[in-house]
Amino acid sequence: MDEHPSPEATTTDSEPSRYRPGNIEPRWQQRWADEGTYEIDNDDPREAGFVLSMYPYPSGPAHIGHVRNYTFGDLLVRYHTMQGKGVLSPIGFDSFGLPAENAAIKSGVHPRPFTEERIAELSSSLRRIGAVYDLRRTIKSHDPAYIRWNQWFFLKFYEAGLAYRSTAIVNWCPGCHTVLANEQVIEGRCERSDDLVERRDMAQWFFKITDYAQELLDNLDDLDWPQRVKLMQRNWIGRSEGAEFGLPIADDTGNARADVDPLPVYTTRPDTSFGMTFAVMSPEHPRVQELTTSEQLEAVAKFQAEVANRSEIDRLSTDGAIDKRGVFTGSSVVNPFTGNTIPLYLADYVLMTYGTGAIMAVPGQDQRDWDFASAYGLDIVRTVQPPDDFDGEAFVGEGPAINSQWLDGLGIDEAKSKAIEWIESEGLGSRKVNFRLRDWLASRQRFWGCPIPIIYCDDCGMRPAPESDLPIVAPDDVEFRPTGESPLRYHEGFLHTTCPGCGGPATRETDTLDTFVDSSWYFLRFADPWNEDEPFDQEAVKKFLPVDQYIGGIEHAILHLMYARFYTMALSDLGYAPNDLREPFKRLFTQGMVRMGGSKMSKSKGNTESPEAWVDAHGADALRLAILQAKPPAEDVDWEDFQLEGCERFLNRVWRLAAADPTLIDGVRDGEPTENDREIGAATHRLIDRIGGEYERWAYNTAVAGFMEFTNTLYKYAQSDDGPHGPTLASAVDTLLQLMAPAVPHITAELWSLRHEGEHIHELLWPEADPEQLTVSSITMVVQLNGKVRDRIEVSPDISDSDAEAAALASARIVSQLDGAKPKKVIVRAPKLVNLVV
RNA sequence: GCCCGGGUGGCGGAAUGGCAGACGCGGCGGAUUCAAAAUCCGCUGUCCGAAAGGACGUGUGGGUUCGACUCCCACCCCGGGCACCA
């Protein structure tokens, strides 16, 4: 089963001074597994840590993107372990999902064995790159033990009103009779059948993430996350403050009708209400029929049908002609501020999912409204005075209110408050906070997912499945239709059940949960994956959570990370997670993607690169090092840019140095260290100081440069005329190996065991830099003339400003360039720089 | 389109308002070798110059500053996300 050579076969190497990763790596991987080096028990006495890389979708052998992700994670696990912590390092598999289902439809093979095979392949890849996990804790989201608690949480959310059923627009393929993922819609057509995709309203399950909008927003401030991710989440939540108020419907004479409810609109700019010259409803608005006049019925129906087939991205785009993107309803409403009658339109860019689904349009202060007004010949009234030099159209900047009666002259903020006070005092509406965030549509019309534990009874209606039924697992004896329809809908054994209320015949929900549900709490289960009585024990969660370092791709910046945060808050409120655990991930690192030829790698593009061939031929350590060296981890990288050969060459250099290759090190010196030896010693301590800092701030590429520079220094030292000082060289090399151990674990473990028999480098503590050794006696001070470097002077690090200035003015090169002139100004930044301005 | 990033030698990158190009790749030269590979040593932004040295140079155009790859404004190009890929 295991193709790796046995340890006995490789320990006796006739040429111990050759670096042979093919022998070394499997042996150490076996040892870490056998000894459980990175297995952490819940009663581990060390300070607990939790380093987690986002669990992968198992797509087969690791691709280079996986390898990059898990290399970063592994480095941190090993680094923090060397700092004396008991670091929880689990792995799992996000094993439900569309690709396995698509493969099943194509091949007829059930997704379960297909997925299990992919998991085995990926697991093997991860082991072979030297990534270490506590494999006893492995979680697979399609595992019935996980499904059970996933469904149990769904029921708890349902009981608490956090899960509910409503309708939503989905992509419907009329040919396949199935719902399509956005990804399956190619230019408006089904990728399977090429039918024109319809957008259809269907019953769906939702999670009430909007209940947590404010906390999701507020907590961001205190998270140690990349600023850009926090910014994207803030914008996604999209909190806005404004007012919601009703526009009375006008009768034929232009007066407000008392017998019909006003049309509520939401605005963030109530201060501009005097400039409202028309109003717009979303084409899906429930009152469209009611508010369309008979003459306009046909045009409105036509428009609604057109919009129904447009994606939201299209609808929100400000590209293209606007004159075809709206239609007049024939009705009018009253602007309550001016008393004027204004026309009521429909427009595609107004969405039913935001605000009230209807807006007041103020072309003077909103460019899209301006464009619309221009296209349809509607009035434009400015209500904010633009500056004199303003030559644009709609003005969104700051300025005094104009054309606004009792608001005239006020600034935006003041005018807003006063307008809202008036709206409230007139009983038209009130101040309102709105969020762009929508509830989470969590049901999928698919087979390969976690079934939603709900039962429908003709008599009792919708009923939660009894807890004793859990887990409800998708059946194995199913037939996949080429159309992509979920087989659950036709599987009699799955579909038919008895009603938990009346005991009569009933049917099961055939929708499954979004795979983001699976990934919204797996990190909690890692703390206590063996628990059969509850999803996890609170004490176990308290020991390890929140995750100290979460690592994953930037593509998850919004959805997964938002859903996982919501789940943690909800579970905390429901009492299943500790009540003070509000945020799951204390620190987040989002790595860039690995691209091939400049574009995102994906199976559909066929441009994935398998790193296995490289590992086979040259070893995992060189690959890991190349990944670390290539780029800052946060940035995207092209596979073509990895410098695998250079890294392999470097590891060979380290090997020759540490294995004391006699062609490199021709004997060492004993006795007292010389000045030069002491400088090597100091450089060693500077390296400790440097690498620790670089690991902490994810500067792995410069850490690798540090290893290389230091190795170059030691090569010169080893080949110097008077030869290296034995103890100094030994200490320098040992330190280098320790610092490199988290990055390239196999070669460093092997070399360390060669140099220190019986010792395991990964069980050593991280070296500490001696502060005394970090002080320097002189530093290079730059002397500039008008900001251009003209000289460099060696000075004491604690030189005073005046001495620095004097030294600069005394420089021969400065004296000749100044040619007797006096500097007008002298900028001194002792001891680094003096700038003379003439 | 909207939200978020990024643009530095032949290439990947370094430099968190203070020496632009660390380190690596590639290239060139030397040592070693019968020869080659491997290895070791050195040089390598562009232009002018024999050299010393000088000028130019971080996507484009402006600005702030004694000083800008770094901060601000506008634009161009590339990448991620946009709620059913994960």
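Chain A exposes about 37,100 Å², and carbon and sulfur atoms supply 48% of that area. Accessible areas here come from the Shrake-Rupley method with a 1.4 Å probe, and for residues only the protein chains shown count as cover. This is a predicted model, where local features need pLDDT of at least 70 and side-chain atom pairs count only at pLDDT 80 or more, while totals for chains, interfaces and linings use all residues. Residues are numbered from 1 along each chain as its sequence is written, chains are lettered from A and ligands numbered from 1 in the order in which they are written, and side-chain values use heavy atoms, with hydrogens and water left out.

**The chain as a whole**

Along its principal axes, the C-alpha trace of chain A spans about 110 × 90 × 50 Å. Its secondary structure comes to 28 helices and 33 strands; helices (H or I, at least four residues) and strands (E, at least two) are DSSP runs, numbered from the N terminus. Of the 838 residues in chain A, 52% count as buried. Buried means under 20% relative accessible area, exposed means over 50%, and partly exposed sits in between (1.4 Å probe, protein chains only). Contact means heavy atoms within 4.5 Å. Take the contacts in chain A between residues at least 6 apart in sequence: 72% of them join residues at least 24 apart.

**Around the RNA**

Now for RNA strand B. There are 73 residues around it, and Asp94, Asn182, Arg446, Lys631 and Asn835 come nearest. A residue is near a strand or molecule if one of its heavy atoms lies within 4 Å of it. Sugar and phosphate account for 68% of the atoms of RNA strand B that come within 4 Å of the protein. The residues of this surface divide into 27 nonpolar, 21 polar and 25 charged. Helix 23 (residues 700–718) gives the largest share of the surface, with 8 residues.

Here are some atom pairs between the protein and the RNA:

| Residue | Atom in the residue | Atom in RNA strand B | Distance |
|---|---|---|---|
| Glutamate 183 | backbone N or O | phosphate oxygen | 2.9 Å |
| Asparagine 235 | side-chain N or O | sugar or linking oxygen | 2.8 Å |
| Arginine 790 | polar side-chain atom | phosphate oxygen | 3.5 Å |

Leucine 88 lies in strand 2 (residues 86–88). This leucine is buried, with a relative accessible area of 0%. Leaving aside neighbours within four places in sequence, leucine 88 is in contact with Ile40, Gly49, Phe50, Val51, Arg137, Phe526 and Phe544.

Glutamate 509 is buried too, with a relative accessible area of 5%, and sits in the loop between strand 23 (505–508) and strand 24 (512–513). A polar contact of 3.3 Å joins its side chain to that of arginine 165. A polar contact is a pair of N or O atoms within 3.5 Å; within protein, one must be able to donate a hydrogen and the other to accept it, and residues adjacent in sequence count only if both atoms are side-chain atoms.

Elsewhere, an open sheet of 4 strands has the order 6-5-9-17, with antiparallel pairing. Strand 6 (178–180) and strand 17 (440–441) stand at the edges with a single partner strand each, so one side of each has no neighbour in the sheet.

The peptide bond from leucine 470 to proline 471 is cis, with omega near -5°. The bond from leucine 545 to proline 546 is cis as well, with omega near -5°. Asparagine 786, in the loop between strand 30 (779–785) and strand 31 (788–795), has a positive phi near 55°. At 43% relative accessibility, asparagine 786 counts as partly exposed.

Conventions
Ala, Val, Leu, Ile, Met, Phe, Trp, Tyr, Cys and Pro count as nonpolar, Asp, Glu, Lys and Arg as charged, and the others, Gly among them, as polar. Two strands pair if DSSP finds at least two bridges between them.
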